[in-house]
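Hello,

Here is the structure I promised to pass on. Please open it first, then read the notes below.

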Amino acid sequence: MEREQMEGVGSSPTPEDDYLVDFDFDDGWLGLTLHEGTRAEARKMAADLVGQFNPLRLGSGRASLQQELERRALAGFESGSVLTTAAYTEGGVLLADFSVFVHGEDDVQRPSPEEYLPELLKWPYAEVKGEPQVSDVQLPIGRAVRVQTVLAAKRRFGWGKKLSESLLYGVWPDGQEEIVVVEARWLNFERADELTDLVDRLMPSMRLLPVPDSCGEG
């Protein structure tokens, strides 16, 4: 997920953050947001997360899963993520990526949902397949635009394309200057209805929390 992202499960805010974005995640979501963005931090986080899995249920080895989580955490940080999470099965199989991006500048009026919609329909890393499903949604935190589409990204070394499904929410929080963009993506089309419902039920719990005074100290 390569937009511009914010905070989440098991993550730490950076000193310049004005607020944290949080959701009512359940135990299936793993927080992968890094604070410093170092490989050592990512390695420790991944090791701690792998330790939560029952080794008898893992379909792949602990080392393989740890490397995958470490890679995802670093990729999220490098993309500018403010929240990077992923949903996994008990067997260590990835179900969906979930990332949050924040767009906006201080004292600059944000565009309306109608004005910003063309930006929500751009995926620099993939080609859109078919017509995106676009709808207006009213969340407790504010107005939102929901976009669901199928994407085709080039595979490594250019051999064919990999299909995925993207469910994206552009959110205009009441009383804020920023636009918060939330994107979930998955490869398993057989579970698309289940994963879509999972994300749609998660979105109403979105909230902004003040940064604790202790964050960023030391």
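Predicted model: local features only at pLDDT ≥ 70, side-chain atom pairs only at ≥ 80, totals over all residues.

Let me start with one residue. L74 sits in helix α2. L74 is buried, because its relative accessible area is 9%, under the 20% cut-off. What does L74 touch, once neighbours within four places in sequence are left aside? The contacts are L34, G37, T38, R39 and A42. Take G37 from that list. G37 and L74 are 37 residues apart along the chain, yet their C-alpha atoms are separated by 6.4 Å.

Two of the residues touching L74, R39 and A42, also belong to the contact between two helices. Those helices are α1, residues 39-50, and α2, residues 62-78. Their axes come within 8 Å and cross at roughly 135°. The two helices are therefore oblique to each other. The crossing of α1 past α2 is right-handed. Which residues make the contact? From α1 come R39, A42, R43, M45, A46, A47, L49 and V50. From α2 come R62, L65, Q66, L69, E70, A73 and L74. Sorted by class, this contact has ten nonpolar residues, four charged and one polar.

The C-alpha atoms of E68 and L94 are separated by 9.7 Å. Along the chain, E68 and L94 are 26 residues apart.

L94 opens strand β4, which covers residues 94-103. Is A96 buried or exposed? A96 counts as buried, because its relative accessibility is 2% and the limit for buried is under 20%. Leaving aside neighbours within four places in sequence, A96 is in contact with W29, T85, A86, A87, R185 and W186. A86 is one of these, and it lies ten residues from A96 along the chain. The C-alpha atoms of A96 and A86 are separated by 5.6 Å.

Now follow the chain past β4. S112 is in the loop between β4 and α3, the latter being residues 113-120. S112 is partly exposed, because its relative accessible area of 25% falls between the 20% and 50% limits. Where does I179 lie relative to S112? I179 and S112 are 67 residues apart along the chain, with their C-alpha atoms separated by 9.5 Å.

**The whole chain**

Now step back. The chain has nine strands and four helices. In sequence order they run β-β-α-α-β-β-α-β-β-β-β-α-β. The chain has 218 residues, and 48% of them count as buried. The accessible surface comes to about 11600 Å². Carbon and sulfur atoms account for 48% of that surface.

Best wishes

Note on methods. Residues numbered from 1 in each chain as written. Heavy atoms only, no water. Axes fitted to C-alpha atoms, helices over the stretch in contact; angles between N-to-C directions. Parallel < 35°, antiparallel > 145°, perpendicular 65-115°, else oblique. Left-handed = near helix turned anticlockwise from the far one by under 90°. Contact = heavy atoms within 4.5 Å. Nonpolar A, V, L, I, M, F, W, Y, C, P; charged D, E, K, R; others polar. Buried < 20%, exposed > 50% of the residue type's maximum accessible area, 1.4 Å probe, protein only. Areas by Shrake-Rupley, 256 points an atom, 1.4 Å probe, with all protein chains shown as cover.
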